Amino acid sequence: MNSSATSVYEDTAEIREEICEVGRRMYARNLVAATDGNISVRLRDGKFLGTPSAVSKGFMAPGDLIVCDADGNKVSGSGKVTSEIFTHLAAYEERPDVNAVVHAHPPNAVACTLAGVSLAEPLLPELIGALGGIPTADYAMPGSREGSEVIRDLIRECDAVLLDRHGSVTVGLTLRDALHRVEKLEHAAETIIVAYSLGKPVRLPEEEIEKLYRFGADYGATGKHYRRK
Ligand SMILES: [Zn+2]
């Protein structure tokens, strides 16, 4: 399968600068701390351009980025490939339609996984319209090969997945889409935590959820929407 057929990216100065800018925004918005998180894009030649291990996403330079192949082997760049590259590669394998993957450690969303609060619950119409719901993958040690396997079934069905006790994985046709999805996920988590501190939030009725799905389809919502079973 030529899964790179749809990619919009080549290894240019512009996309390298955009990855650094997305890193700065993630760092500034507290979606990552210290050297946490990673960002990658699929290149037209089937390789991947992404952030190196052990570098703060808030202080990256375009020359810090690394190109690797579909097995996670480094092709160029001076740093080390992130141990979480296999999570990115699993997402690209499952989703030939996406060209960007963002992994972050959004604190409110991770707190929800610690407390057993599911972001797949249909509470916020905007979230249902944009993502359907956000499921949580089973716990796996961060950076392990197992970590890449636990997301496969879920990322196939939706554009945003939470990693139990760890973080988030969001995907998009473009890097901007993947960034917006993690921002939306963390914003929703913050709102839902405040709601739980005030009382027990009530889920939307089924007919309203169905309306939101239809509305999304009518307005050409892109990506995949997770439907709670
Ligand atoms: Zn992580």
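**Exercise 1. Which residues are linked with Arg156 in a network of salt bridges?**

Before starting, note that this is a predicted model, where local features need pLDDT of at least 70 and side-chain atom pairs count only at pLDDT 80 or more, while totals for chains, interfaces and linings use all residues. Residues are numbered from 1 along each chain as its sequence is written, and side-chain values use heavy atoms, leaving out hydrogens and water.

*Step 1.* Trace the network: Arg156 is linked with Glu93, Glu94, Glu149, Arg152 and Asp153.

*Step 2.* Zoom in on one pair. Glu94 and Arg156 form a salt bridge, with their closest N and O atoms 2.7 Å apart. Glu94 sits in helix α2 and Arg156 in the loop between α6 (152-155) and β7 (160-163), so this pair ties together parts 62 residues apart in sequence. Helices (H or I, at least four residues) and strands (E, at least two) are DSSP runs, numbered from the N terminus.

*Step 3.* Check accessibility, where buried means under 20% relative accessible area, exposed over 50%, and partly exposed in between (1.4 Å probe, protein chains only). Glu94 counts as buried at 19%, and Arg156 as partly exposed at 37%.

**Exercise 2. Work out whether the partners in two other salt bridges are buried or exposed.**

*Step 1.* Take Asp97 and Arg95, whose side chains meet at 2.9 Å, N to O. Arg95 is buried, at 0% relative accessible area, whereas Asp97 is partly exposed at 32%.

*Step 2.* Now try Lys47 and Asp45, with closest N and O atoms 3.7 Å apart. Lys47 is partly exposed at 28%, and Asp45 is exposed at 52%.

**Exercise 3. Find the protein donors of the zinc ion and classify the site.**

*Step 1.* Collect N, O and S atoms within 2.8 Å of the metal (3.2 Å for Na, K and Ca); water is not among the atoms, so sites may look incomplete. That gives Glu84 (OE), His103 (NE2), His105 (NE2) and His166 (NE2), lying 2.1 to 2.4 Å from the zinc ion.

*Step 2.* Read off the spacing along the chain: E-x18-H-x1-H-x60-H. Glu84 is in the loop between β4 and α2 (85-94), and His105, 21 residues away, is in the loop between β5 and α3 (107-115).

*Step 3.* Compare the angles. Four donors are tetrahedral if all angles lie between 85 and 135 degrees; four are square planar and six octahedral if opposite donors are over 155 degrees apart and all others between 65 and 115; anything else is irregular. Here the angles among the four donor atoms run from 83 to 170°, and the site is irregular.

Key:
A salt bridge is a side-chain nitrogen of Lys or Arg within 4 Å of a carboxyl oxygen of Asp or Glu.
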